[in-house]
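Subject: Structure for you to look at

Hello,

Here is the structure I said I would pass on. Please open it first, then read the notes below it.

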2 protein chains.
Amino acid sequence: MNIGIIGGGAIGLLLSGYLAEEHDITVYVRRAEQKVLIDLHGIRVTNKFERQHVQCKLIDQIKDQDCVFVCVKQFQLLEILPYVSSLSNKVSLIFLQNGMSHIEKITNLSQPMSIGITEHGAEKINDYTVKHTGVGVIKLASYNGISNRELQQLLSVFEQHDFPMVYRDNWSILLKEKLVLNAVINPLTALFQVKNSQVIQNEYIKILAKKLCEEACFVLSLNEVKQWSEVQRVAKATGENTSSMFKDIKEGRPTEIEAISGYLLKQCSNSKIPYTAFVYHSIKALEKKKGILHR
Amino acid sequence: MNIGIIGGGAIGLLLSGYLAEEHDITVYVRRAEQKVLIDLHGIRVTNKFERQHVQCKLIDQIKDQDCVFVCVKQFQLLEILPYVSSLSNKVSLIFLQNGMSHIEKITNLSQPMSIGITEHGAEKINDYTVKHTGVGVIKLASYNGISNRELQQLLSVFEQHDFPMVYRDNWSILLKEKLVLNAVINPLTALFQVKNSQVIQNEYIKILAKKLCEEACFVLSLNEVKQWSEVQRVAKATGENTSSMFKDIKEGRPTEIEAISGYLLKQCSNSKIPYTAFVYHSIKALEKKKGILHR
């Protein structure tokens, strides 16, 4: 199948590397420098592929594919939407973003759309190399213009034993459950500069984590007990990982705090979710301290 | 006058250095190593005194003086109280601690007692050297067994143009107003690892600072508007200072978080002062991360 992948970040590179085993991949990036390097080296997934051949184009060269994965961060989505909307109505789009607020941005697109989340740990080493730090799955649900049956058929094409994609029947719950994980683990690891395991191993961070989990569940109408046990499971399973937000702060890049805690705060007053408000302002404070500007 | 000073930390050394200009000072310390160094070098206040001669004794050698300043941290107070209580009832005691909870520990002492706070910035460089990083005043109020008039007389003895001590008529308000400053500036500077000025210059830290100030004023029944303007004034005036809590965390020492935010939390439920609860657990988390143990 011809697959387009928009975004040359950790998830975009990881997806490209694995899917290139069985498909024709075109990676769309923004920077000419990254295009040159991928043309030269292919894509490298450490411990897995020394070199995977893919096509690489600049985003303004985008053209129809059977299917296009959108792997840019939530705050970069507005930039690439004009290119996505130029595609034919037959191109199946799959959006892999954190948070919830990308939904309102894509809702008017006319292509068949699916929404997904990734549970992989992935760390971008350089413009063509990604380290697969935690093997997980990608979970997908149909959003608009694609039936559950059609999505399941599409997924059967992606069936790869070493890179599972699984079907879920409710995109909203999928995003909400991921949002809880992100709202707890990401800001705390970035604020205290610790690996994921410390969210449950440092008893004081754990107190804050439980509060953040309760607040997110309150906003999203999810079951607290179930989600808290899920937070603990994931913090343990990905214990040695450095969260994306901690990495973003360390490396002076903008974080996804607006799409995560910021989204929750937009749903209700700060005083109802004070712990979420605290970490939101904390991460903004760290961005400011580091001189990080959002594009 | 014969003055005893208990504690060889930043404030103890600073006070000893200045008061030694006009008085006979005996500094009481816990560690023999520090005693040896002070015997050898005297006390050095950078930019002010190269060498001030004082007597230095171990705390178990304590004997009557005209007046004794107690300059240990709040969490070290219980250790030195047996020595203090062995002094004659004529020895005037002056307690310089942060927080409020030392009051209940000293309430049964039979000596005349005054309570004070210091607004100096002071950084201990080594066991006999202190850097005077911010010139302020010491404010004192009578607590028990000493009349306002007697305290004012005592203060007139300390009159030094370069090290002012001023009289206040209400020890409780004195401690409360200092507690607000400490509850805002200390945990935030330690959490974000910034100098005092950032509490008002980083707009996101400032949002948290205002919330912490409001919560502290709520617990202590102080005027929010007045205290918030005071927090901003002090953060600006001591802008280049590293707060004591930030220093404690950096250098792996126990902080005074229990005496500050911990005290406020004991006064009311966590849910009424969630920002205070957040910084309390945060500082405990940082202590835990750094492997800091309280003695």
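A polar contact is a pair of N or O atoms within 3.5 Å; within protein, one of the two must be able to donate a hydrogen and the other to accept it. Please also keep in mind that this is a predicted model.

The term is needed for Asp162(A), whose side chain makes a polar contact with the side chain of Lys48(A) at 3.0 Å. Asp162(A) sits in the loop that runs between helix H5 (148-157) and strand E12 (165-167) of chain A. Is Asp162(A) buried or exposed? Its relative accessibility is 12%, and buried means under 20%, so Asp162(A) counts as buried. Leaving out residues up to four places away in sequence, Asp162(A) touches Tyr18(A), Glu21(A) and Lys48(A).

Gln227(A) counts as buried because its relative accessibility is 4%. If residues up to four places away in sequence are not counted, Gln227(A) touches Glu177(A), Val180(A), Cys213(A), Cys217(A) and Leu222(A).

Next, the nonpolar core. The largest one has 145 residues, and those touching the most other members are Ile6(A), Ile106(A), Leu188(A), Phe192(A), Ile6(B), Leu188(B) and Phe192(B). For Ile106(A), the contacts beyond four places in sequence are Leu77(A), Leu81(A), Phe95(A), Met113(A), Ile115(A) and Tyr143(A).

Last, the interface. In it, 24 residues of chain B are in contact with 24 residues of chain A. The size of an interface is often given as the accessible area lost when the parts come together. Between chain B and chain A the buried area is about 2300 Å², and carbon and sulfur atoms give 72% of that.

How many salt bridges cross the interface of chain B and chain A? The rule finds two. In a salt bridge of 2.8 Å, N to O, the side chain of Glu203(B) meets that of Lys288(A). Eight residue pairs are in polar contact between chain B and chain A, counting pairs with both residues at pLDDT 80 or more.

On the side of chain B that touches chain A, at least two residues each come from helix H6 (171-192), helix H8 (203-220) and helix H12 (274-289) of chain B. H12(B) gives the most to that side, with twelve residues. Sorted by class, the side of chain B that touches chain A has 15 nonpolar, five polar and four charged residues.

Regards

Key:
Residues are numbered from 1 along each chain as its sequence is written. Chains are lettered from A and ligands numbered from 1 in the order in which they are written. This is a predicted model: local features need pLDDT of at least 70, side-chain atom pairs count only at pLDDT 80 or more; totals for chains, interfaces and linings use all residues. Side-chain values use heavy atoms; hydrogens and water are left out. Contact means heavy atoms within 4.5 Å. Buried area is the accessible area (1.4 Å probe) that two parts lose on being put together, summed over both. A salt bridge is a side-chain nitrogen of Lys or Arg within 4 Å of a carboxyl oxygen of Asp or Glu. Helices (H or I, at least four residues) and strands (E, at least two) are DSSP runs, numbered from the N terminus. Ala, Val, Leu, Ile, Met, Phe, Trp, Tyr, Cys and Pro count as nonpolar, Asp, Glu, Lys and Arg as charged, and the others, Gly among them, as polar. Buried means under 20% relative accessible area, exposed over 50%, partly exposed in between (1.4 Å probe, protein chains only). A nonpolar core is a set of buried Ala, Val, Leu, Ile, Met, Phe, Trp, Tyr and Cys residues joined through side-chain atoms within 4.5 Å.
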